[in-house]
Amino acid sequence: MSYLEHVNITVESIDDAIEFLSVACPGFKVRSRGQQVSGVEWCHFGNNKFYLALQSKVLDQCNRKFYQNPGVNHCGIVVQDIDDVHKRYKELGYEFIFGRENQFRKRVYFYDQHNVEWEFIGYKTDVFEDRNNYEVPEELVED
């Protein structure tokens with residue numbers, strides 16, 4: 001069976017990324033960390049099944065326009081308690097972008113401290129057909 005093992009993301013600061021992601025993923029840990037021959041830092045942050053391969057930036061400028069040019073726009077992470085994650089990010093001062101909710105799921109989006117967009121999902125069902133039903137209308141989640 002195929003599955004997604006990791007996603008490689010270039011970040012402004014590996015330590016900032018770990019701090020941000022630890023709020024929603026307290027079970028994630030640094031699996032390995034090091035430096036490439038080129039001097040670029042990297043870190044594998046996750047659990048035994050999945051990890052985020054975080055890599056430090058090389059260039060200060062990027063002309064990529066999110067949701068317009070090819071590339072990753074955001075990562076979605078399933079969490080156990082979406083309301084708690086939403087509350088904790090707000091309390092820590094992270095910028096809430098928007099959220100949507102219906103009877104099957106609740107999704108909230110936040111920017112981290114370097115304006116990287118992250119989606120957090122809380123499913124209300126274990127039925128995969130319902131989780132993937134996008135025909136059911138969603139309501140906006142208030143900040």
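Reader: Where is the place of asparagine 102?

Author: This model is predicted: local features need pLDDT of at least 70, side-chain atom pairs count only at pLDDT 80 or more, and totals for chains, interfaces and linings use all residues. Residues are numbered from 1 along each chain as its sequence is written, and side-chain values use heavy atoms, with hydrogens and water left out. Asparagine 102 lies in the loop between β6 (95-101) and β7 (105-111). Strands are DSSP runs of E with at least two residues, helices are runs of H or I with at least four, and both are numbered from the N terminus.

Reader: Why is asparagine 102 called buried?

Author: A residue is buried under 20% relative accessible area, exposed over 50% and partly exposed in between, with a 1.4 Å probe and protein chains only. Asparagine 102 has a relative accessible area of 5%, so it is buried.

Reader: Which residues is asparagine 102 in contact with, leaving aside its neighbours within four places in sequence?

Author: They are Lys124, Asn133, Val136, Pro137 and Glu138. Contact means heavy atoms within 4.5 Å.

Reader: What makes serine 56 count as buried or exposed?

Author: The relative accessibility of serine 56 is 13%, and therefore serine 56 counts as buried. Its place is in strand β4 (residues 51-56). Not counting residues up to four places away in sequence, serine 56 touches Thr10, Val11, Ile14, Val40 and Glu41.

Reader: How many helices and strands does the protein have, and what pattern does the protein follow along the sequence?

Author: There are 3 helices and 9 strands. Read along the sequence, the pattern is β-α-β-β-β-β-α-β-β-β-α-β.

Reader: Why is the protein called as compact as a globular protein of that length?

Author: The radius of gyration is taken over C-alpha atoms, and the globule rule is 2.2 Å times the number of residues to the power 0.38. For 143 residues the rule gives 15 Å, and the protein has 16 Å, which is close, so it is as compact as a globular protein of that length. Of the 143 residues, 36% count as buried.

Reader: How is the lining of the second largest pocket divided by class?

Author: The lining has 12 nonpolar, 4 polar and 4 charged residues. Ala, Val, Leu, Ile, Met, Phe, Trp, Tyr, Cys and Pro count as nonpolar, Asp, Glu, Lys and Arg as charged, and the others, Gly among them, as polar. A pocket is an open set of points on a 1 Å grid over the protein atoms alone, where a 1.4 Å probe fits, with protein on both sides within 12 Å along at least five of seven lines; lining residues have an atom within 4 Å of a point.
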